[in-house]
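Please find below my note on the model that you asked me to look through. I have kept to numbered points, so that each can be checked against the coordinates.

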Amino acid sequence: QVQLVESGGGLVQPGGSLRLSCVASGFTSEPYMIGWFRQAPGKEREAVSCISSAIGSTDYAESVKGRFTISRDNAKNTVYLQMNSLKSEDTAIYYCAISTGSYYCLSSYYDWWGQGTQVTVSS
């Protein structure tokens, strides 16, 4: 059973930074993609960024491009999301997830999900 555990969320002022981590365990094969998704109150879950496990190619939502950076350390089974220049609209629960069969950065293609970590951006 694959397990994903996010950490690093918290309260930060606008313009500040946070780094989220996601540690995975229980793999039986290499995943296709690892992604970060977020859900704000009253809104649908949306993709933030995804990274291919083997190659490291990345996708970013337009709203975070230039501010967020996704990376992974395969030896540690860990994926990171460095978030800089945070805005109030970044406030959401952030989830990491794994796709075992596709290279799309859309939530419906992801099979395993973490419990989420809260990010709140407020002055």
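The points below go from the overall fold to single residues.

1. Basis of the note. This is a predicted model, in which local features need pLDDT of at least 70 and side-chain atom pairs count only at pLDDT 80 or more, whereas totals for chains, interfaces and linings use all residues. Residues are numbered from 1 along each chain as its sequence is written, and side-chain values use heavy atoms, with hydrogens and water left out.

2. Secondary structure. The protein has zero helices and eleven strands, where helices (H or I, at least four residues) and strands (E, at least two) are DSSP runs numbered from the N terminus. Along the sequence the pattern therefore reads β-β-β-β-β-β-β-β-β-β-β. The radius of gyration, taken over C-alpha atoms, is 13 Å, close to the 14 Å that the globule rule gives for 123 residues, so the protein is as compact as a globular protein of that length; the rule itself is 2.2 Å times the number of residues to the power 0.38. Taken along the principal axes, the box filled by the C-alpha atoms is roughly 45 × 25 × 25 Å.

3. Of the 123 residues, 41% are buried, with buried meaning under 20% relative accessible area, exposed over 50% and partly exposed in between (1.4 Å probe, protein chains only). Among contacts (heavy atoms within 4.5 Å) between residues at least 6 apart in sequence, 56% join residues at least 24 apart. The accessible surface, from the Shrake-Rupley method with a 1.4 Å probe, comes to about 6500 Å², and 47% of this belongs to carbon and sulfur atoms.

4. Charge. There are 9 positive and 10 negative side chains, and the centres of the two sets lie 6 Å apart. Lys and Arg count as positive and Asp and Glu as negative, while His and the chain ends are not counted; each charge is placed at NZ of Lys, CZ of Arg, CG of Asp or CD of Glu.

5. Aromatic pairs. The structure holds five aromatic pairs, defined for rings of Phe, Tyr and Trp (its six-membered ring) with centres within 6.5 Å, where planes under 30 degrees apart count as stacked, over 60 as edge-to-face and the rest as tilted. For Phe37 and Trp113 the ring centres are 5.0 Å apart and the planes stand at 50°, so this pair is tilted. Phe37 belongs to strand β4 (residues 33-39) and Trp113 to strand β10 (residues 112-113), so the pair ties together parts that are 76 residues apart in sequence. Phe37 is buried at 0% relative accessibility, whereas Trp113 is partly exposed at 28%.

6. Tyr95 and Trp113 have ring centres 6.4 Å apart and planes at 75°, so they form an edge-to-face pair. Tyr95 lies in strand β9 (residues 92-99) and Trp113 in strand β10, so parts 18 residues apart in sequence are tied together here. Tyr95 itself is buried, with a relative accessible area of 13%, and Phe37, Tyr95, Tyr110 and Trp113 form one aromatic cluster.

7. Backbone points to check. Most residues other than glycine have a negative phi. Asn77, which is not a glycine, has a positive phi of about 50°; it is found in the loop between β7 (68-73) and β8 (78-83) and is partly exposed at 38% relative accessibility. Ser85, also not a glycine, likewise has a positive phi of about 50°; this residue lies in the loop between β8 and β9 and is partly exposed, at 40%.

8. Two buried strand residues. Gly35, in strand β4, is buried at 0% relative accessibility and, leaving aside neighbours within four places in sequence, is in contact with Ser49, Cys50, Tyr95, Cys96, Ala97 and Tyr110. The C-alpha atoms of Gly35 and Ser107 are separated by 8.5 Å, although these residues are 72 apart along the chain. Ser21, in strand β3 (residues 18-25), is buried at 15%, and its contacts, not counting residues up to four places away in sequence, are Val5, Glu6, Ser7, Trp36, Val79 and Tyr80.

9. The final segment. Ser123 lies in the segment after β11 (117-121) and is exposed, at 84% relative accessibility. Its C-alpha atom is 19 Å from that of Arg67, which is 56 residues away along the chain.
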